[in-house]
Each structure stands twice: as C-alpha cells, then as structure tokens.
Amino acid sequence: MKRLLKWSKANWLVWAIAIAYLFVSITRPASAAKGALLGLQTFGELAATLVTVFVIVGLFQVWVSEEFIIRHLGDSSGFKGLALGAGLGTVIHGPLVGVFPLLKALLAKGARGGVIVAIVSTWAIKLPMIPLELRLFGWKFTLLREGLLFASAFIMAPLMEIIIGRDWAARFRGAVGGE
Amino acid sequence: MTGTDLALLGVTAALVAFSTLRDRAKTKKALRVALKQFLNVLPFFVAVFAMIGLFEVLLTPDQIQGWLGAGQGILAPIYAAIVGGLATGPPAAVFPLGQYLLAQHASVAAVGTLLIAWVAVGTVTLPAEIQFFGARFAVSRWVLALTLSVVLGMVMGWVL
C-alpha cells in the first residue's frame, strides 16, 4: 500500500491519463483508440533514442561518483569555483533532493554559496539527455538551450549571493564531515 | 530509424566499448543501472506518449496556437513556466511533449520555457530545499529560476 502510494506520487501522470482515457473511451471511443495508436507510434519512433539515453545515464552513474565531485570542489571559491561547479552540475545525476546532502557536504568543506547555486542551476542540464533533445529539436535549438542554461548559472550565482548575503555559506562551514 | 538514431547508437556503443575496456565490472553495473532506471521511468513515459496521443485527437493545432502560440506574446512562455514549474516527472519525459507542442504551432519561447522550467524550477522539492538551505535561499532561487525560465525562453524565441 505504502509502495503503491509512493509510486503514484512519482507517476501521478499515469493515473491522470488513465482516467482521461476512461472518460474519452466512454464518450468518444473512436478518439480514444486513435489517440492510443498515435501515442504508441510516437513511442515506437523514439524507443531507440530512449534506450541510448538510459545507457548513457547508467555510464554516468558509475563513472561520476560523489567522491569525484567533492574531490574537485572541496574548497572552491572565485570564478574558477563557479565554473567548476557549473561544469560538475551537468554530470550530477539523480533527483535534486538526492543532491542536497552532497551540496551541504560541499558547503561544510568551504565551498562558496555561489558554487552551490551554480551546481543546482546546471543540474538542470542533463548531459545524458542531450541525444534525445538533439533527435527531437535539432542542433540549433539544443545548443542554444543548453548554452543559455549553462550561462544562466553565472547570472544566478552572483544574484543569489547578493540576495542571501555573502556570509550565508559560513554558517554551514564544518557542520558535517569537515576536515 | 533516422540517421540521427544510427549516429546515437554508434556513439553509445563506442562509449560502452570504451567503458568495458577500462573496467568490465563497472560497465556491467552501468548497464544494470540503465535498465533499472529505464524501467522506473517507463510508466511515466507511457503516460506522456498516451497524453500526446490524446491531445492529438482532442485538441486542434489552432487551440494550441491560441494558448501557446506566438500571437500570445509573453503570455505563452508564462503559461509554459507555470505548467513546467508545477509539474514534476523524469527530465526526459518533457522533451516529447515539447516537440509535439512545437509541431502544433506553440511558440519557440513557450516550448523553450517549458523545457527549462520542468527541470530548473522544482516546486515539489521546495520544502526539502527549505529544510536543507533555509527559506531565504530556497524561495529566492525558486523565484529567480521561474523568472529566468521565461527570460531564457523569450531569448530562444527571439534567436530561433
């Protein structure tokens, strides 16, 4: 029961669409059948791309470890820290909630607030997903979007440092782990 | 299968081969992780494709253009930011939806915003973020990310 609830929370759309299909099959059965067929067709067209994307996700997961990230970002500051954070953000995997403990560990080790913001910003860049985006939207769209997202880390970081104050990061220093 | 698909398969095969040469056990684990993750997100993907199919039969391109088309100006990316910012799901799932909307004459700004807000905003994770980093950090970041998704979407619409 609890597992079903957890599953449903992550897969809310499955229920929403099931109900929508149920409703449409009663009111307009022909439309429901046609919709399902069209959906299946789209899925079939993308199946190969999806498989490659998840193989790349798997490769990232085993080759880019938490230690790898902490080793590179231990006590970074300055522009180099931001750039490194933004770069590493693109290869971090898993849900954002799972990344928070890692970020806190980085703060404890002396990383600057902006570095954390940069990582969270470029976490939105999913390097393994780029093949899928390329396949669907083409080179120009993909490069522009990913480029803008990457650049936005360097806008978000200083803005956030102004809003939260430069000493914000200090309160986390040495809180967990530490040297 | 398109040429892009074949190129992707080739690159992926090369990556797997390289990884196998470096470390056999790790590569095996990577493929297991890939399969597990794929099966995990499969239900959501099936739902997305089913939704696209349903949209295709129930909505006309004119309706989508009416809500998310270029004629809506800045409203289109704002709607997209709200939908993308509130909804949650696997990052990859938003791409097919975006492509469908684009094909139905939604504006580039709206689709760009949707794709960015989907991953960059994170309303569902906001409580956790507050707990970890404090309300000031989390809420400011949420507001900035939402705003930025619209701005970046507009820039994309302007460039493309």
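## Helix packing, domains and interface

In this predicted model, the axes of helix 5 (residues 94–103) of chain B and helix 6 (residues 108–120) of chain B come within 9 Å and cross at roughly 170°. Because angles over 145 degrees count as roughly antiparallel, helix 5 of chain B and helix 6 of chain B are roughly antiparallel to each other. The crossing of helix 5 of chain B and helix 6 of chain B is right-handed, and the residues that make the contact are B:V94, B:G98, B:L101 and B:L102 on the side of helix 5 of chain B, with B:V111, B:L114, B:L115 and B:W118 on the side of helix 6 of chain B.

Chain B is divided into domain 1 (1–42) and domain 2 (59–159), and the centres of domain 1 of chain B and domain 2 of chain B, taken over C-alpha atoms, are separated by 30 Å.

Between the chains, 57 residues of chain A are in contact with 57 residues of chain B. At least two residues of the side of chain A that touches chain B come from each of helix 2 (12–27), helix 3 (29–63), helix 6 (96–108), helix 7 (113–123) and helix 8 (130–164) of chain A, and helix 3 of chain A gives the most, with 21 residues.

The table sets out the residue classes of the two contacts.

| Helix 5 of chain B with helix 6 of chain B | seven residues | one residue | no residues |

Notes
Residues numbered from 1 in each chain as written. Chains lettered and ligands numbered in written order. Predicted model: local features only at pLDDT ≥ 70, side-chain atom pairs only at ≥ 80, totals over all residues. Contact = placed C-beta atoms within 7 Å. Helix = DSSP H or I, 4+ residues; strand = E, 2+ residues; numbered from the N terminus. Domains from an automatic or database assignment. Axes fitted to C-alpha atoms, helices over the stretch in contact; angles between N-to-C directions. Parallel < 35°, antiparallel > 145°, perpendicular 65-115°, else oblique. Left-handed = near helix turned anticlockwise from the far one by under 90°. Nonpolar A, V, L, I, M, F, W, Y, C, P; charged D, E, K, R; others polar.
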